[in-house]
Amino acid sequence: MNLSNLFRIAWRALNKNKMRAFLTMLGIIIGVASVIAMLAIGEGSKRSIEKQISEMGTNMIMIMPYDNKAVGGVRMSASNIQTLKIKDYEDIRNKAQYVKEVSPYVSSGGQFIYQNNNYPASISGVAPSYLEIRQLKMKSGHMFTDSDVKRYNKVCVIGKTIADNLFTKGEDPVGKIIRFNTVPFQVIGVLESKGYNSMGMDQDEIVLAPYTAVQKRILAIDYLHGIYCSAESEDLAPKAVESITQILAKNHNISNPDDYDFEIRSQEELSKMLTSTSDMMSILLACVAGISLLVGGIGIMNIMYVSVTERIKEIGLRMSVGAREKDILMQFLIESILISITGGLIGVIFGFFSSYGVKFFAGWPVFIEPWSVALSFVVCSAIGIFFGWYPARKAAGLDPIEALRYE
Amino acid sequence: MGKRKIIELTNIRRNFQVGTETVHALKGISFSIEEGQFVTIMGKSGSGKSTLLNILGCLDTPTSGTYLLDGSSVQSMNKDQRARVRNRKIGFVFQNYNLLPNTTAIENVELPLMYNPDVSTSERQKRAIEALEIVELGDRLYHKSNQMSGGQMQRVAIARALVNNPAVILADEATGNLDTRTSYSILKLFQELHREHRTIIFVTHNNEIASFSERNIVLRDGKIISDTYNQTILSAAEALERLPKEENEEEKVI
């Protein structure tokens, strides 16, 4: 049979009942639009969480000392556990696989003083690679170098919060001498502002100095408070963790994982936890939207069913002028597919508008995934076929004599 | 006039199963109709004329007997083949017109050709316009069915029956819903079509109509009780003339 003729027939039939066709479409329009908007909201929140995590450095791995003598005895705070040594840092740097950058970490709290301003914060002793690991950027001046580390130089780079609180008269901090408690440090750079992170912590309240200087000139210790690494990529982070674990276990001569005196955490765990929450929300939203799409589909079936009953005489006539069963079947199927696809198209447009409406009015992050548009489109075509089939079958099965006589 | 037989029925029987009883609607009907004949089939309700019409129109198949339509035997055809025969060889005209609601005259007339993939869009329109011109509705191509009078609707229906250039036109009480004047004008149209050598079968229970046709088959209880040729065929055009003039000018447009 000539398919273009069948399309023309179905199109004419729909045109006779524009209002009804539109109302039927409305169910599909709302269904598709809500699927797209809901998925966009879900995806948007997921992406904004991911973005915040990646700002912290998605491939970051933290190694902290761990008190494995959990039962009995005096438990110590992490900064007093002396299990992580410079050798561990050097071994990770030289031997660990999939690890890109490594930096030791020591820190000490105290008061920063410049002229008559002071501000309480902690100083972090790190290697120059820390900048890359934490995805920090210099705003002015420069980062200290490996030779500063070697020479225990008392230089530092400071974050915006520190700069704002110490240099209240708008001076350029670079080149000035500030004191940490009693120890003078020369400011050689200012970091670009990162604002608050997703936990509400000020990421600009930061002072970085060579870890050797902090170890020897402030704390007088030879162990580390932690080691920060970056994996070559986010995907390789678990392998990097494995490799680091092997090195540390060998260095510390521990074979049983329960006895490890260190703890390795990757950003992946954190991001998994946060995205699983938003994933759950996405699924929930998609379910709600999916149900409305289903209801829209049942609406199509309902209308097509009524429309078959209403048009029994017309079907009889079509049969009498030579329409075969499959022509009638195809006509009604095409009608329902046209309704659902047109509704789907309008729904996609409405979905875009409502997604950006949500972004504009509620300020929620939204992101429309191309696959969500494709999915809802495929689903509504399928709905058209699925829910149109039964009424179409009924129409095609009519006896022409009975149908012509039907009043 | 050709002597070729368009329709040949031989001992047609049609039984219906109603509950446990078998109803014999047609009890052995045999006749043939030649090309270009204008035949009326008459009978009271229950005489089997509807059943016969359904069989003639390939909507139904006989329980036994043979039916040759334009040389091909219908009783051995499946549903799709019969649909094709209806599409190419038969034009139906119904009592209640059966036009698609809210649809223009031309779209209604195009309908049979829509189911014929051999006819292109341009040819379909051309033929629909020609058919509407035959029934004198060439100036109302785009009037919708619900804006037309009964007579106009029946003319559209006749145009629809003509558009596929059928072997036979089957009219089922085609004037049953129309007033006398309009009935005559429709009969006049049928007589004109007859003059152009179209084969017409007109099923009716109205005796008067029979006198406008050339042959009259009467059914009773599923059997043919008479099959006669009219000696004097009345002219519908003259009958229309004889009717008292209508005051209302608009009615004449019918």
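**Figure 1. Buried residues of helix H1 in chain A.** In H1(A), the residues Asn5(A), Leu6(A), Ile9(A), Ala10(A), Ala13(A) and Leu14(A) are buried, where a residue is buried if 20 or more other C-beta atoms lie within 10 Å of its own, exposed if 12 or fewer, and partly exposed in between, with C-beta atoms placed from the backbone. This is a predicted model, in which local features need pLDDT of at least 70 and side-chain atom pairs count only at pLDDT 80 or more, while totals for chains, interfaces and linings use all residues. Residues are numbered from 1 along each chain as its sequence is written, and chains are lettered from A and ligands numbered from 1 in the order in which they are written. Helix H1 of chain A covers residues 3–16, and its 14 residues reach 20 Å from first to last C-alpha, close to the 20 Å expected at 1.5 Å a residue (the expected span being 1.5 Å times one less than the number of residues). Helices (H or I, at least four residues) and strands (E, at least two) are DSSP runs, numbered from the N terminus.

Figure 2. Ile334(A) lies in helix H11 (residues 325–361) of chain A and counts as buried because 23 other C-beta atoms are within 10 Å. Leaving aside neighbours within four places in sequence, Ile334(A) is in contact with Leu6(A), Phe7(A) and Ala10(A), two residues being in contact if their C-beta atoms, placed from the backbone, lie within 7 Å. Although Ile334(A) and Ala10(A) are 324 residues apart in sequence, their C-alpha atoms are 6.3 Å apart in space. For chain A as a whole, 83% of the contacts between residues at least 6 apart in sequence join residues at least 24 apart, and 41% of its 407 residues count as buried. The secondary structure of chain A comes to 13 helices and 10 strands.

**Figure 3. Strand E6 of chain A and its partner strands.** Strand E2 (residues 99–114) of chain A is joined to E6(A) by 2 bridges in an antiparallel arrangement, two strands being paired if DSSP finds at least two bridges between them, and Arg179(A) is the bridge partner of Ile113(A). E6(A) also pairs in the antiparallel sense with strand E7 (residues 183–191) of chain A, over 4 bridges, and here Ile178(A) stands opposite Phe185(A). E6(A) and E7(A) form a hairpin with 2 residues between them, and Asn181(A) in the turn has a positive phi of about 55°.

**Figure 4. An open antiparallel sheet in chain B.** In chain B, 4 strands form an open sheet in the order E2-E1-E4-E5, with antiparallel pairing. Strand E2 (21–34) and strand E5 (72–73) of chain B stand at the edges, each with a single partner strand, so one side of each is left without a neighbour in the sheet. Strand E4 (residues 64–69) of chain B pairs with E5(B) in the antiparallel sense over 2 bridges, and Ser72(B) in E5(B) is the bridge partner of Leu69(B).

**Figure 5. The enclosed helix H1 of chain B.** Helix H1 (residues 49–56) of chain B is largely enclosed by the rest of the structure, because 7 of its 8 residues are buried. The buried residues in H1(B) are Lys49(B), Thr51(B), Leu52(B), Leu53(B), Asn54(B), Ile55(B) and Leu56(B), and H1(B) is followed by Cys58(B), whose phi is positive, near 60°. Chain B has 8 helices and 10 strands, and buried residues make up 46% of its 254 residues.

**Figure 6. Packing of helices H3 and H5 in chain B.** The axes of helix H3 (residues 105–114) and helix H5 (residues 150–162) of chain B come within 7 Å and cross at roughly 30°, axes being lines fitted to C-alpha atoms, for helices over the stretch in contact, and angles running from 0 to 180 degrees between N-to-C directions. Ala105(B), Asn108(B), Val109(B), Leu111(B) and Pro112(B) in H3(B) meet Val156(B), Ala159(B) and Arg160(B) in H5(B).

**Figure 7. The side of chain B that touches chain A.** In this contact, 21 residues of chain B meet 19 residues of chain A. Helix H2 (79–89) and H3 of chain B are the elements that give two or more residues to this side of chain B, and H2(B) gives the most, with 6 residues.
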